[in-house]
Amino acid sequence: MALVPQSVLFCCDFNAVRSPMAEGMARKFYPRRIFVQSAGVRNELDVDGFSISVCAEIDVQIERHKVRSFHDMEDWGDRIDAYDLIVALSPAAQRQALEYTRYHAIDVEYWPVEDPTGLGETREAKLTAYRRTRDQIRERIIRRFGPPDPPRIPKKPDDDG
C-alpha cells in the first residue's frame, strides 16, 4: 500500500456526484488522519440528490456539500499545491489535475469510476447505478488509505464530580 497522504483533493467533472461521495466517505473514514476536500472542473450543478440518498444509506452525509471548481478553490484562497494527493475520478478531472500539477510536486492518481448520471430508467434503477458508483469509490478509498478509523467514543463525565 502506498503512503497515506495527509491531505487529499478528490475531483470529477462537476463536483456534484462522484467527488462529493469520495470526500464524504474519506471524511467519515479518516477524520483524524486525512484532510479532505473535493472540486470539479466546472461548478454548474448542485450536489446530486441520488448521491445524497445513496451516501445516507451508509451514514455519510453530503447534503450540505457546496459545489466548487478548481478555480473557485483558488479564488477562495485554497491552494491546490498544498495537497499531497489529487485523486481524479473522471478523465476531464485528470487532465485538469495534471495541468495544475505541472509545476508542483503533487501526486495525481486516476481512479476510473463509473459516472451514474443518465443510467437507469426507473428511480430504483438509478439508485442501483449510484450505489454501484458509491461502492466502487468506497472500495478504492479503503484499498488506497487502509481500513477506516475506529469511531471516536465520547468521554463520559466523571460520576465523582
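Trainee: Which hand does the crossing of helix 1 and helix 5 have?

Mentor: Start with the ground rules. This is a predicted model, in which local features need pLDDT of at least 70, side-chain atom pairs count only at pLDDT 80 or more, and totals for chains, interfaces and linings use all residues. Residues are numbered from 1 along each chain as its sequence is written, and side-chain values use heavy atoms, with hydrogens and water left out. Helices are DSSP runs of H or I with at least four residues, strands are E runs of at least two, and both are numbered from the N terminus. A crossing is left-handed if the near helix is turned anticlockwise from the far one by less than a right angle, and right-handed if clockwise. Helix 1 passes helix 5 in a crossing that is right-handed.

Trainee: Which residues of helix 5 make the contact?

Mentor: Contact means heavy atoms within 4.5 Å. Helix 1 brings Arg18, Met21, Ala22, Met25, Ala26 and Phe29. On helix 5 the partners are Tyr130, Thr133, Arg134, Ile137, Arg138, Ile141 and Ile142.

Trainee: How many nonpolar residues does the contact of helix 1 with helix 5 have?

Mentor: Ala, Val, Leu, Ile, Met, Phe, Trp, Tyr, Cys and Pro count as nonpolar, Asp, Glu, Lys and Arg as charged, and the others, Gly among them, as polar. This contact has one polar and three charged residues; the nonpolar ones number nine.

Trainee: Are helix 1 and helix 5 parallel, perpendicular or oblique?

Mentor: Axes are lines fitted to C-alpha atoms, for helices over the stretch in contact, and angles run from 0 to 180 degrees between N-to-C directions. Helix 1 (residues 18-29) and helix 5 (residues 123-145) pack at about 45°, axes 10 Å apart. Under 35 degrees counts as roughly parallel, over 145 as roughly antiparallel, 65 to 115 as roughly perpendicular and the rest as oblique. The pair is therefore oblique.

Trainee: How many residues of helix 1 are buried?

Mentor: Buried means under 20% relative accessible area, exposed over 50%, partly exposed in between (1.4 Å probe, protein chains only). The buried residues of helix 1 include Arg18, Glu23 and Phe29. They pack against strand 1, strand 2 (35-40), helix 2 and helix 5. Helix 1 has twelve residues, and the buried ones number ten.

Trainee: What is the length of helix 5 from its first C-alpha to its last?

Mentor: The expected span is 1.5 Å times one less than the number of residues. Helix 5 has 23 residues, with 33 Å expected. The model comes close to that, at 32 Å.

Trainee: How is helix 2 set against helix 5, roughly perpendicular or roughly parallel?

Mentor: Helix 2 and helix 5 pack with axes 9 Å apart, at an angle of about 65°. That makes the pair roughly perpendicular.

Trainee: Which residues of helix 2 make the contact with helix 5?

Mentor: Helix 5 contributes Arg123, Lys126, Leu127, Tyr130, Arg131 and Arg134. By class, the contact has five nonpolar, two polar and four charged residues. From helix 2 come Phe50, Ser51, Ser53, Val54 and Cys55.

Trainee: Is Thr101 buried or exposed?

Mentor: Thr101 lies in the loop between helix 4 (91-100) and strand 4. Leaving out residues up to four places away in sequence, Thr101 touches Ile86, Ile106 and Val108. Its relative accessibility is 9%, so Thr101 counts as buried.
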